[in-house]
Amino acid sequence: MPRPGAIALVTGASSGIGEATAAALADIGCRVICAGRRMALLEAVAGRIGDQAHALALDVADRGSVESLIERLPPDLREIEVLINNAGSDLGGRQRFDRGAVADWASTIETNVTGLIRVTYAVIHGMVARDIGHIINIGSTAGVTPYAGGTIYAASKYAVHGFSESLRKDFRKTGVRVTEIMPGMVETGFALARWGDEERAAKFYDDFGDCLVPEDIARAVVFALQQPPQVAISEMTIMPSNQP
């Protein structure tokens, strides 16, 4: 369980799962860094959470943005104990591979895989030095069960799945724990970001049926964090109850 006042960094915190997770972490006493690209939204999220939250401009696909992450934080927020790698993309997704744009496919890999690796690398050295930390990667059921039209998104989440398990084994004899949370369908602004079309995004979720909500994933994050030191939640799969 994080210590009272433990510092948590949440990427992709401007909305959806990231916003819900930042609020849930503040509720259990963490000081939360709400990181993402949309600073106005991040500041609004931090304002709703209160004094425990700090907004930070961070583009995980930008090497310089990530490499300067720690030095751009106030000194009292640099000892990050909890990292929630939540930022993600599926730009142009949900279509057959040859009908998409290579630039969109590359962008998804850059955000979902390379960006996640960059942020983890920027933070983990401090965790190792202090011998305490918990990294939670938000993967997807697409990382174990691919689907037509999800070629690149599934590939990125397969990478997150392999990275998470290998990372956990790398640090199993240290005070650093690693968890992967793999949600099924969650209704967020993700479909809108994918297509930039509000009507199409709303229809996508309506056609799917019952979905998870961001707070469902935030509760799972808190559960993983609250386990005693001898317990490592290596992975959690969370599905809507009506899905096979």
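A residue is called buried here when its relative accessible area is under 20%, exposed when it is over 50%, and partly exposed in between, with a 1.4 Å probe and protein chains only. Helices (H or I, at least four residues) and strands (E, at least two) are DSSP runs, numbered from the N terminus. The model is a predicted one, so to speak of local features takes pLDDT of at least 70 and side-chain atom pairs count only at pLDDT 80 or more, while totals for chains, interfaces and linings use all residues. Residues are numbered from 1 along each chain as its sequence is written, and side-chain values use heavy atoms, with hydrogens and water left out.

On one side, β2 pairs with strand β1 (residues 7–11) in the parallel sense over five bridges; two strands pair if DSSP finds at least two bridges between them. In that pairing, T11 stands opposite A35. β2 also pairs with strand β3 (residues 53–57), again in the parallel sense and over five bridges, and here I33 faces H54.

β1, helix α1 (residues 16–27) and β2 make a right-handed β-α-β unit, and so do β2, helix α2 (residues 39–49) and β3. Right-handed means that, with the strands pointing away from the viewer, the path from the first strand over the helix to the second runs clockwise.

Zooming out, seven strands form an open sheet with parallel pairing, in the order β3-β2-β1-β4-β5-β6-β7. Its edge strands are β3 and β7 (235–238), each pairing on one side only. From one strand to the next, the twist averages 20°. Axes are lines fitted to C-alpha atoms, for helices over the stretch in contact, and angles run from 0 to 180 degrees between N-to-C directions. Strand β4 (residues 80–85) pairs with β1 in the parallel sense over four bridges, with I7 opposite I80. Helix α4 (residues 102–130) packs on the sheet and touches β1, β4, β5 (133–138) and β6 (176–183), its direction making about 160° with that of β4. Contact means heavy atoms within 4.5 Å.

Next come the nonpolar cores, each a set of buried Ala, Val, Leu, Ile, Met, Phe, Trp, Tyr and Cys residues joined through side-chain atoms within 4.5 Å. The largest has 31 residues, of which L25, C34 and I181 touch the most other members. Helix α8 (residues 214–225) gives the most to this core, with five residues. Apart from it lies another core, of 22 residues, among them L56, V60, I135 and L167.

Leaving out residues up to four places away in sequence, C34 touches V10, A13, A22, L42, V45, I49, A53, H54, A55 and L56. A disulfide is a pair of cysteine sulfur atoms within 2.5 Å, and by this rule the count comes to zero. For C34, the nearest cysteine sulfur is that of C30, 12 Å away. Another cysteine, C211, counts as buried at 19% relative accessibility.

R94, in the loop between β4 and α4, has a positive phi of about 60° although it is not a glycine; it counts as partly exposed at 30% relative accessibility. D131, in the loop between α4 and β5, is not a glycine either, yet has a positive phi of about 55°. At 45% relative accessibility, D131 counts as partly exposed.
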